[in-house]
Amino acid sequence: MNIQFKKGVLEICVLFVLAHKDCYGYELVAEISKRIDISEGTIYPLLRRLKDEGYVTTYLQESAEGPPRKYYRLTDTGRNVEHEQKEEWMRFVASVNALLEGTNDAAD
Amino acid sequence: MLQTEAEYIRILKSRLVGTLTDDELADILSDYSEHFRMGKANGRLEDELFRSLGSPEDVAREIRATHFVNKAESVKSCGNLLHAIGATLGLGLFNLVFVLVPFILLVVLLFVVFIFGILFTVFGPAAGIYAILQIIGIPAFAIWQSPLAGIFFSLGITTFGLLLVIGDYYLARFFYRVGIRYLKWNIGVIKGTERVA
């Protein structure tokens, strides 16, 4: 898939995943790269930007194995943004699909 | 050649030291150390983790660009803006067209408006003074058929010139704000980083 397209969608993906549950970095990366092929390293700078924007906060939590992990959580602002972007995304995908189906019908 | 965690961290550190504060740098490096630690705990090899992360140079460039754009946003200055644009350009050839060209066009536009504003602001009073001198009867050559109209004309032109200069100032401030947002959007969207399979 087009790399620029993917990059733009990555932010939404991070917000969607965090809307379900707080994640630590590796978990989030694994969750996303399971479905989307992307340079995993760029998710961390993205998380920093989301933190700068006030969409996410971080906290440390002890883990059974090894040192504490850094967890990411959506803020209220982040939750609102996630909500808006999700709706926008649904509308966008529906429009593109409708367009594709329309084009297919015309081609048949 | 096998790529190790130590190598990844070393490259990232060498590209960011001097730009970020020690605290920020330590924070970023710890994110990647944690990533490697978790990956290894899940049975993955350092070399494979390195490859999935992608190039540390790309990550460093992205972090630098974000850093300079944030700096230009908090402390507004020409130097900071140029630095931010430079760092964003470093993200790829694509940005040359989408950042540099609009930037140059805007600078030229703002400059031209400014020059016109200054010209009118200087020319206006000069025309007015000439008209007044003409009423007094000093100049030998009459430019104004009606010196009174000349004075009104002069007031109009001066006001117009001042408005241009003031408007240009606010326009520049507006474009600075929009420009920063545009740079941020660029960093988020345009940079092409796809994992090389």
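Colleague: In chain A, what share of the contacts with a separation of 6 or more comes from residues 24 or more positions apart?
Modeller: They account for 45% of those contacts. Two residues are in contact if their C-beta atoms, placed from the backbone, lie within 7 Å. This is a predicted model, where local features need pLDDT of at least 70, side-chain atom pairs count only at pLDDT 80 or more, and totals for chains, interfaces and linings use all residues. Residues are numbered from 1 along each chain as its sequence is written, while chains are lettered from A and ligands numbered from 1 in the order in which they are written.

Colleague: How many helices and strands are there in chain A?
Modeller: Chain A has four helices and three strands. Their order from the N terminus is α-β-α-α-β-β-α. Helices (H or I, at least four residues) and strands (E, at least two) are DSSP runs, numbered from the N terminus.

Colleague: What percentage of chain A counts as buried?
Modeller: 26% of its 108 residues. A residue is buried if 20 or more other C-beta atoms lie within 10 Å of its own, exposed if 12 or fewer, and partly exposed in between.

Colleague: And H20(A), buried or exposed?
Modeller: H20(A) counts as exposed, because it has 9 C-beta neighbours inside 10 Å. It sits in helix α1 (residues 3-20) of chain A. Its C-alpha atom is 9.9 Å from that of R73(A), 53 residues apart along the chain.

Colleague: Switching to chain B. At what angle do α1(B) and α2(B) pack?
Modeller: At about 160°, with their axes 11 Å apart. Axes are lines fitted to C-alpha atoms, for helices over the stretch in contact, and angles run from 0 to 180 degrees between N-to-C directions. The two helices are therefore roughly antiparallel. Angles under 35 degrees count as roughly parallel, over 145 as roughly antiparallel, 65 to 115 as roughly perpendicular and the rest as oblique.

Colleague: Which residues meet there?
Modeller: From α1(B), E5(B), Y8(B), I9(B), L12(B), K13(B) and L16(B). From α2(B), L25(B), I28(B), L29(B), Y32(B), S33(B) and F36(B). By class, this contact of α1(B) with α2(B) has nine nonpolar, one polar and two charged residues. Ala, Val, Leu, Ile, Met, Phe, Trp, Tyr, Cys and Pro count as nonpolar, Asp, Glu, Lys and Arg as charged, and the others, Gly among them, as polar.

Colleague: Let's zoom in on L29(B). What does it touch?
Modeller: I9(B), L12(B) and K13(B), leaving out residues up to four places away in sequence. L29(B) and K13(B) are 16 residues apart along the chain, with C-alpha atoms separated by 7.3 Å. L29(B) counts as partly exposed, because it has 16 C-beta neighbours inside 10 Å.

Colleague: How does α1(B) cross α4(B)?
Modeller: At roughly 30°, and the axes come within 9 Å. So α1(B) and α4(B) are roughly parallel to each other. Their contact has eight nonpolar, no polar and three charged residues.

Colleague: Which helix of chain A packs with α4(B)?
Modeller: Helix α3 (residues 43-52) of chain A, at an angle of about 20°. Its axis is 10 Å from that of α4(B), which covers residues 56-74. That makes α3(A) roughly parallel to α4(B). P45(A), R49(A) and D52(A) meet V59(B), E62(B), I63(B), T66(B) and N70(B).

Colleague: Last one. What are the domains of chain B?
Modeller: Domain 1 is 1-53 and domain 2 is 76-189. Such bounds come from an automatic or database domain assignment. Their centres, taken over C-alpha atoms, are separated by 48 Å.
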